[in-house]
Amino acid sequence: MSAHSRFSFSRWWSIVRKEGLQLRRDRVTFAMIVGVPILQMALFGYAINTDPKHLDTAIVDADKTDITRSLVWSMKNSGYFKFVGELPNEEAGKKALDQGKVLFVVNIPAGFTRQLLRHEHPALLVEADATDPTAAGNAIFSLNGITQTVMQRELTGPLASLAGTQAPFELRVHRMYNPDGITQYNVVPGLMGVILTLTMVMMTGLAITRERERGTMENLLAMPSLPIEVMTGKLIPYIGIGLIQVTIILLAARFVFNVPFFGNIGAIYLVAMLFVAANLTVGITLSSMAQNQLQAVQLTVFYFLPNILLSGFMFPFQGMPKWAQVLGNLLPLTYFNRLIRGIMLKGNGWENSWPSVWPLIVFTVVVMSIAVKTYRQTLD
């Protein structure tokens, strides 16, 4: 048996050292190996909550009695509802729901308590934004228990006769925009943003790093073009590809999944173009950090992970802690999810969409500036 056919600890150790050195030099891969598990642990352990509480709620109380105040107090103490303000009428409540400012509006009509004491079985209306059934579901289920507890506490002494087996008032819950609580209505529009994020960032990153690997980036260096001209010239074809994807997803949503469509089709394409541009600028920025196509893919995954977990696509945004919501509000997918669901399911127009449009514009301009700067450094 020759010496080379035997296991050599020194040769084996040399190979281990060589691989270790290569791994240490490949800083992006090493950062992914360490960063991705930490990111997953932090997000799944601390940020994800499928039983969201402290949901923003508005009150329209036209009665203002001890019983109605006790009802509001009990809803607040349940932990599911956080009352953020009082609105003058039901129309203002509907507008707040359209704009996504609140998830619930509790409407207590004038004379509610008087009708209750007269055994006239008044109605109390709770309107819920059910575009995300997971976010609103547990809070809606808790309402019956809360109202029963309030009645048992308040209807005592001379009012004890009202606390019979039948509830002394009717609790009406209107699930707005998605009355049947169908999950596809929430997931399918959100998928548009997820698909665009993954494909646009990855395609741009791969395209630029591929040019760098093949040496064709030198041709761009030799061209008398400004960095902004090169980058915008590269982005335009991908915007076209993104709009084709939008069309395919819209057709599938309408004719395969039967998702209702109440908004303006032009508004959807407008916000989609803005969102695609935002993701393409991210792709260019990440490509300037990557040395090869593998690293471009790794950076895309690293960027994609918080987008899918913190944007409200997979888990209720309202159930996340404040720090996670702050991070989520830095991501363009968060605003695009609100826009696309608002336009498709609520029929939102420009006024209701603007609060989510301007952050997308700011994000695109800021990341584009970073991309131009990093592109210049790459050229240097």
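Start with residues 296-317. This span is 68% helix and 0% strand, with helices being DSSP runs of H or I of at least four residues and strands runs of E of at least two, numbered from the N terminus. Its end C-alpha atoms lie 28 Å apart. Now residues 261-284. Here the end C-alpha atoms lie 34 Å apart, and the span is 83% helix and 0% strand.

Both spans carry the "transmembrane region" annotation in an unreviewed UniProt entry, which also lists 28-48, 187-208, 235-255 and 357-375. UniProt positions follow the numbering used here, feature names are shortened, and annotations may be inferred rather than shown by experiment.

A word on the source. This is a predicted model: local features need pLDDT of at least 70, side-chain atom pairs count only at pLDDT 80 or more, and totals for chains, interfaces and linings use all residues. Residues are numbered from 1 along each chain as its sequence is written, and side-chain values use heavy atoms, without hydrogens and water.

Now the whole protein. It has 14 helices and 5 strands. The radius of gyration is 27 Å, well over the 21 Å from the globule rule for 380 residues, so the protein is more spread out than a compact globule. That radius is taken over C-alpha atoms, and the rule is 2.2 Å times the number of residues to the power 0.38. Along the principal axes, the C-alpha atoms fill a box of roughly 100 × 60 × 35 Å.

Last, contacts (heavy atoms within 4.5 Å). Of those between residues at least 6 apart in sequence, 79% join residues at least 24 apart.
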